[in-house]
Amino acid sequence: MLWQTPEDRINLLKRLVENKSVTGTEGERHFPFFLKQQLEQIDYFKTAESHIQLVETSDHKNAICALYRTYETDNTLILMSHYDTVDIQDYGQLSDAAFDCDALMKAYKSNALFNEQIEADIHSGDYLFGRGVMDMKSGLMMQMSILERATIESWPVNIILVSVPDEEVGSSGMKAATQFLNEWLKSLQLNVTLIMNSEPSFSQIPHDNAHYIYTGSIGKLMPAVMVYGKETHVGEPLKGLSSNYIISRINQEIEYNQTFTEKYKKEFTPLPVSLKMHDLKSEYNVQTPFISSAYYNMFVFKQTAEEILEKFEHVVKRTVSEIKRDLSHIIPDIPDVKVISFDTLIRQNKDIDVNQFVTATGDQEIAEQIVHGLLTHNHNNDFTVVIYYAPPYYPAVNSSDDKTVKQIVKYAIKYMDTNHRRKLKKIHYFNGISDLSYVNYQSDLKDAEFYMKQTPGYGMFYNIPFEDMHALQAPVINIGAFGKDPHQNSERIHIKSVSEEIPEMIATIIQKFLCNH
């Protein structure tokens with residue numbers, strides 16, 4: 001047995017952390033080969049090498065899928081995780097120790113760097129610190145331990161461990177894995193009964209010490225706007241209309257606008273915020289800005305892409321109407337500001353090859369360049385606002401009403417209280433955004449088509465496997481260990497939670513609810 005004691009699990013977690021896998025680095029490219037080597041140490045895979053598959057992504061990385069196959073049933077559990085991490089700039093002078101849990105702990109104990117709460121956790125001996133130790137190599141470690149146990153004890157359920165890159169940026173790993181899994185499951189005639197992610201428990205408010213189980217994952221859309229005003233010399237400001245003025249007014253109406261929030265049971269989506277707003281001037285001069293751009297983060301539960309963009313368009317149209325009203329007394333004969341969708345813009349310019357406008361590599365920049373290129377290709381677009389979607393899109397997914405998921409949640413809450421005297425709480429939507437968004441697509445495929453039409457570069461530079469996501473129909477759940485401060489230099493995981501409590505609970509849940517007795 002490799003990873004069946006608490007000590008062995010912690011040692012494995014330290015090794016996973018030690019193998020750096022920051023998104024977009026060589027470490028991320030190397031990590032799946034290291035992970036494959038670890039899995040090949042399990043006796044089962046020594047005689048079933050073909051059950052470990054590397055799946056190449058669109059950006060030439062690799063996801064890994066490892067299958068434990070029982071022939072007693074076709075029922076299959078998918079265990080999901082991601083192995084990439086955010087970077088380590090926040091560690092400053094301790095960056096060299098960010099991936100060495102022991103060295104980092106020694107440094108933290110020697111220097112009082114944090115507030116009272118974090119310092120207490122450092123000296124308690126209850127937490128392990130390090131980049132990725134919480135988000136989410138903790139989940140990967142537990143799933144590796146569970147997979148090994150299933151092979152040793154010959155559990156009567158098929159298990160596929162899926163670990164992917166690029167979750168922290170564009171989710172190319174999960175998109176590729178979803179497509180591969182559909183083909184693999186079909187060829188093996190397996191039936192997925194549950195998809196379990198093990199992202200760690202995220203706090204809901206500052207200083208939150210509650211432990212959560214999630215029956216879904218929040219959705220995220222990025223409505224965007226590009227404003228084409230009218231240029232003029234700063235000495236003659238009333239002969240033009242600054243795009244910065246227009247977009248600042250739009251921004252004021254969009255950010256923190258409760259119209260876009262959504263309620264499910266007692267949960268609310270966070271308010272919308274701008275992730276970027278800027279004009280497109282490349283250098284200083286005394287010409288007023290006439291093209292500006294912004295995109296916004298909007299979380300969703302049940303709202304569709306079409307519903308969100310309709311609300312967005314309504315706010316933008318109302319705002320530009322108010323701008324004309326407010327400026328009409330100082331700018332004579334100010335024209336109407338047109339508001340059009342990207343779909344309308346592209347149809348008006350259907351003979352133009354948008355590839356000529358693209359020099360960027362980032363999905364958001366590519367979308368912006370396409371809209372900008374179409375707007376400026378013909379110089380007749382003064383006083384125009386284009387609304388569109390900037391990537392990425394994370395569809396919401398929820399299985400709160402699924403019978404098996406309900407039973408698992410009820411059992412897990414009782415299990416933690418009885419065995420560990422810990423209060424476990426259910427949340428309907430994981431609020432940290434996760435790759436569960438790319439399985440069990442729950443909207444109508446017509447809404448997917450709407451999103452495609454309103455996203456510049458879709459099908460050429462950015463893709464979502466909607467049909468494969470729709471085909472991978474199975475209830476979802478997220479059960480992870482308790483940790484604190486993901487994406488901070490105080491990122492840490494509770495040692496007993498990750499090495500004993502949660503892996504043992506997950507194993508018990510699988511045996512009780514998924515094994516074919």
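User: Which residues of H7 are buried?

Analyst: This is a predicted model. In it, the buried residues of H7 are Ser172, Gly173, Met174, Lys175, Ala176, Ala177, Thr178, Phe180, Leu181, Asn182, Trp184 and Leu185.

User: Why is H7 described as largely enclosed?

Analyst: The reason is a count: 12 of the 17 residues of H7 are buried, so the rest of the structure largely encloses this helix.

User: What span should H7 have, and how far apart are its end C-alpha atoms?

Analyst: With 1.5 Å a residue, the 17 residues of H7 should span 24 Å. The end C-alpha atoms of H7 are 24 Å apart, which agrees with that expectation.

User: Let us turn to aromatic rings. How many aromatic pairs are there?

Analyst: The count comes to 24 aromatic pairs. One of them joins Phe180 and Trp184; this pair is tilted, with 5.1 Å from centre to centre and 40 degrees between the planes.

User: Where do Phe180 and Trp184 lie?

Analyst: Both Phe180 and Trp184 lie in helix H7, 4 residues apart, which is about one turn of the helix. As background, an α-helix has 3.6 residues a turn, so residues three or four places apart point the same way.

User: Is Phe180 buried or exposed? And Trp184, buried or exposed?

Analyst: Phe180 is buried because its relative accessible area is 17%, which falls under the 20% limit. Trp184 has a relative accessibility of 11% and therefore also counts as buried.

User: What kind of aromatic pair do Tyr458 and Tyr462 form?

Analyst: Tyr458 and Tyr462 form an edge-to-face pair, with the centres 6.2 Å apart and 80 degrees between the planes. Tyr458 counts as buried at 17% relative accessibility, and Tyr462 is buried with a relative accessible area of 3%.

User: Which aromatic cluster includes Tyr458 and Tyr462?

Analyst: They belong to one aromatic cluster formed by Tyr389, Tyr393, Tyr441, Tyr451, Tyr458, Tyr462 and Phe466.

User: Which residue lies over the face of Tyr127? And what sits over the ring of Phe513?

Analyst: Arg492 lies over the face of Tyr127, 5.7 Å from the ring centre. Over the ring of Phe513 sits the charged end of Lys512, at 5.8 Å from the centre of that ring.

User: How do the lining residues divide into nonpolar, polar and charged?

Analyst: The lining of the largest pocket has 9 nonpolar, 8 polar and 5 charged residues.

User: Now the backbone. Which residues does a cis peptide bond with omega of about 5 degrees join?

Analyst: That cis bond joins Pro391 and Pro392. Pro392 lies in the loop between strand S16 (384-389) and strand S17 (397-398). The peptide bond from Asp135 to Met136 is also cis, with omega near -15 degrees. Met136 is found in the loop between strand S4 (127-129) and helix H6 (137-153).

User: What phi does Asn440 have? And where is Asn440 found?

Analyst: Asn440 has a positive phi of about 50 degrees although it is not a glycine. In general, most residues other than glycine have a negative phi, and most peptide bonds are trans. Asn440 is found in the loop between strand S18 (424-427) and helix H13 (445-453), and it counts as buried at 4% relative accessibility.

User: What about Lys265: what is its phi?

Analyst: Lys265 has a positive phi of about 55 degrees and is not a glycine. Lys265 is in the loop between strand S11 (263-264) and strand S12 (267-268).

User: One last point. Is His60 buried or exposed?

Analyst: His60 counts as exposed, because its relative accessibility of 56% is over 50%. His60 lies in the loop between strand S1 (52-56) and strand S2 (62-68). The C-alpha atoms of His60 and Glu310 are separated by 36 Å, and these residues are 250 residues apart along the chain.

How values were computed
Residues numbered from 1 in each chain as written. Predicted model: local features only at pLDDT ≥ 70, side-chain atom pairs only at ≥ 80, totals over all residues. Heavy atoms only, no water. Nonpolar A, V, L, I, M, F, W, Y, C, P; charged D, E, K, R; others polar. Phe/Tyr/Trp six-rings, centres within 6.5 Å; stacked < 30°, edge-to-face > 60°. Helix = DSSP H or I, 4+ residues; strand = E, 2+ residues; numbered from the N terminus. Buried < 20%, exposed > 50% of the residue type's maximum accessible area, 1.4 Å probe, protein only. Lys NZ or Arg CZ within 6 Å of the ring centre and 35° of its normal. Expected span 1.5 Å × (residues − 1).
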